[in-house]
Amino acid sequence: KAKLVIIDGEDKPVALLPGPYAVCRRETDGTDFSIPLPMALPDELFQRIVSSDSNNKLFSIGFLGSIRKQTEIRRFWLEKLGECYSDALLSTSGAAYNPDHHTDGRVDLNSYYNNLQKCKIVLTLQGAGYDTLRFWENAACNAVHVSEKTPLFIPNDFIDGKHIIRFTELDGLRRIIDYVLNNEQKVRIIIENSRNHLQKYHLTTIRAVYFLDRIKKTFNA
């Protein structure tokens, strides 16, 4: 008998009526009876990021991203950080809505990773949804990953203080940044833990195995 699986990969959960199917969701807190299926990092992108590990650390904090109506809060965070850290690499551009549309300030993928790898801290801020590819890219960088807290349930999530450092408000973020910049050798283990955890649980090949396992259990296959 055929089995049906619906994958909801939207920035906000799509309302679905109960039915004879399994629902996998990118954006879920784990309480809606769906199977959590967050993004993951493609193995080839992991290798591209790692290839720039030897870059000199020229910047304190790194964030390169787009600003659109749904992500306007990013502008506030970045402007405040720019006032406090003159050596930060904080750059925004308009959103690119298709492969042929490139906005001013938007860099190609190799330049993007090359610049991130010049930063001591890489920053994740909420996008149109909470689950962003940037989150998974940052986990691969040779830098401390500092991320805004989210309500998402992530299987085998990164542990705060071990693999990642999370924040909820600006003053807390500034304290985290100051701590990291003043304790670079001490936080080195967080960088190593982040990458190891990513490789073990959150590359796309691993996510595919997880997905198939959960589907088999759901249908008792």
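The legends below describe close-up views of a predicted model. Local features need pLDDT of at least 70, side-chain atom pairs count only at pLDDT 80 or more, and totals for chains, interfaces and linings use all residues. Residues are numbered from 1 along each chain as its sequence is written, and side-chain values use heavy atoms, without hydrogens and water.

**View A. An open, parallel sheet has three strands in the order 1-2-3.** Strands (E, at least two residues) and helices (H or I, at least four) are DSSP runs numbered from the N terminus; two strands pair if DSSP finds at least two bridges between them. Strand 1 (5-8) and strand 3 (35-36) each have a single partner strand, so one side of each lacks a neighbour in the sheet. Strand 1 is joined to strand 2 (residues 22-25) by four bridges, and Asp8 has Arg25 as its bridge partner in strand 2.

**View B. The largest nonpolar core has 23 residues.** Such a core is a set of buried Ala, Val, Leu, Ile, Met, Phe, Trp, Tyr and Cys residues joined through side-chain atoms within 4.5 Å, where buried means under 20% relative accessible area (1.4 Å probe, protein chains only). Leu41, Trp136, Phe158 and Leu198 touch the most other members. Helix 1 (43-50), helix 3 (109-116), strand 6 (119-124) and helix 4 (133-140) each give two or more residues; helix 4 gives the largest share, four.

**View C. Leu198 is in contact (heavy atoms within 4.5 Å) with Leu41, Phe46, Trp136, Ala139, Ala140, Phe158 and Leu203.** Neighbours within four places in sequence are left aside. A second, separate core of 22 residues includes Trp77, Ala88, Phe167 and Ile190.

Terms used:
Buried < 20%, exposed > 50% of the residue type's maximum accessible area, 1.4 Å probe, protein only.
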